[in-house]
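Have the viewer open as you read.

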Amino acid sequence: MASGMAGGMTGNGPGGNPGANLPALRGHNAALVLGLLRAAGEQGVSRLELAAATGLTPQAVSKITARLRADGLAGEAGRRASTGGKPRTVLRLVPGARHAIGLHLDRDELTAVLADLAGEPVAVRRAPLAFEAGAERVLTTVEREVAALRERAGGPLVLGAGVACPGPLDHTAGVLHRVTGAPRWDGFPLRDALAGRLGLPVVLDKDTNAAALGLAQRIREGAGTGEGAGSFVYLHLGTGLGAGLVLGGGLYRGARTGAGEFGHQVVQLDGPVCGCGKRGCVEALCLAAVARDDLAEAARVLGVGAANLVELLDIDRVLLGGRTVLENPEGFVGGVAQVLADRARTRTGAGAEVPVSIAPGGARTVADGAAQLVLAPLFGPRHPGLAARADVPQASMPDVP
């Protein structure tokens with residue numbers, strides 16, 4: 001299946017559906033069908049339902065599902081009573097048919113996840129990581145842990161590796177820029193270096209973007225519709241502070257892939273010097289409060305930053321994650337929610353509060369999202385993913401064998 005086709009196709013099938021009955025778009029159409037099979041879960045979906053949802057002819061759907069079954073990607077989920085004639089065969093995705101690797105390169109720890117096609121973890125490994133020490137030590141650690149992960153899990157083919165790390169970076173070129181506190185990474189082609197070490201296609205993105213991508217997928221699956229995830233912000237407070245933005249159901253990276261540098265918005269003009277060189281950044285104030293064990297103040301500062309985003313973008317919800325948040329989840333949720341509630345009352349009156357909650361996934365949120373960097377392009381532009389946006393480097397992903 002040519003996953004790159006999903007990103008370049010803009011035409012729609014009958015009635016505005018995303019399918020198209022053209023041989024050249026076979027990969028695109030297969031991605032749409034795979035996405036619907038994934039969204040249907042264990043209960044499955046019939047060929048007629050697939051045809052209706054995609055705008056493809058029943059004959060085209062039959063050919064696609066036959067190929068998917070031959071490749072082991074789809075299987076029978078039983079039969080469903082029909083209004084006339086013989087019962088309909090129901091098909092489902094076979095999650096264990098392929099795997100993807102998700103890597104979270106934090107400043108002091110590597111989290112590696114081997115995920116199935118449904119995004120569920122098959123195996124997880126963690127190891128100390130000295131990110132600021134530079135490329136060679138990081139590459140060696142990643143290579144060792146990925147090899148151990150694959151050896152432990154065995155089995156299906158691995159499609160590729162998604163890598164999430166601190167920014168700023170250029171995800172289209174796979175190159176890091178001046179990461180705060182780690183200047184020696186500036187200009188380093190991390191994506192290509194890891195692809196060479198791992199022998200796999202690699203997609204690189206910021207840690208918060210990867211997390212937001214994975215969370216958007218979870219929201220879709222939770223809604224059971226396969227439709228958009230709305231607009232939300234994911235705030236990650238750990239060794240640093242950053243944001244992932246999902247606007248109108250799509251991951252927003254910005255024209256120069258620099259969106260989400262949330263930690264470096266200035267909120268105190270004469271504040272302490274931040275690692276980025278400016279004064280009074282949200283990150284500097286928040287981490288300083290954490291260092292002196294004043295978590296209530298850290299939550300308040302985080303809430304001020306979150307409120308600025310809410311007022312600027314009118315987002316639907318705020319999700320919190322990162323190790324510092326997870327060490328005191330109730331305190332951070334309560335502190336951020338209080339600031340948002342106070343702002344809402346002064347701005348628009350009661351009833352306008354934006355909900356705040358801990359992001360699902362816990363300590364694996366970023367690594368799980370990194371695996372979605374590989375998986376999302378396989379499932380088409382609408383069901384379920386963000387992969388059809390032009391700013392996702394789908395061409396780097398392999399055909400599904």
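What follows covers the ground rules, a helix crossing and some salt bridges.

## Ground rules

This is a predicted model, so local features need pLDDT of at least 70 and side-chain atom pairs count only at pLDDT 80 or more, while totals for chains, interfaces and linings use all residues. Residues are numbered from 1 along each chain as its sequence is written, and side-chain values use heavy atoms, with hydrogens and water left out.

## Helix 3 against helix 4

Helix 3 (residues 47-54) packs on helix 4 (residues 58-70) at about 115 degrees, their axes 9 Å apart. (Helices are DSSP runs of H or I, at least four residues; strands are E, at least two. Axes are lines fitted to C-alpha atoms over the stretch in contact, with angles from 0 to 180 degrees between N-to-C directions.)

Contact here means heavy atoms within 4.5 Å. Helix 3 brings Arg47, Leu50, Ala51 and Thr54, and helix 4 brings Pro58, Val61, Ser62, Thr65 and Arg69.

## Salt bridges

The whole structure holds 16 salt bridges, each a side-chain nitrogen of Lys or Arg within 4 Å of a carboxyl oxygen of Asp or Glu. In Arg107–Glu132, the closest N and O atoms are 3.6 Å apart. Arg107 sits in the loop between strand 4 (98-105) and strand 5 (109-116), and Glu132 in the loop between strand 6 (121-128) and helix 5 (135-153), so the pair ties together parts 25 residues apart in sequence.

Glu297 pairs with Arg300 at 2.9 Å between the closest N and O atoms; the two are three residues apart in helix 9 (residues 295-313), about one helical turn.
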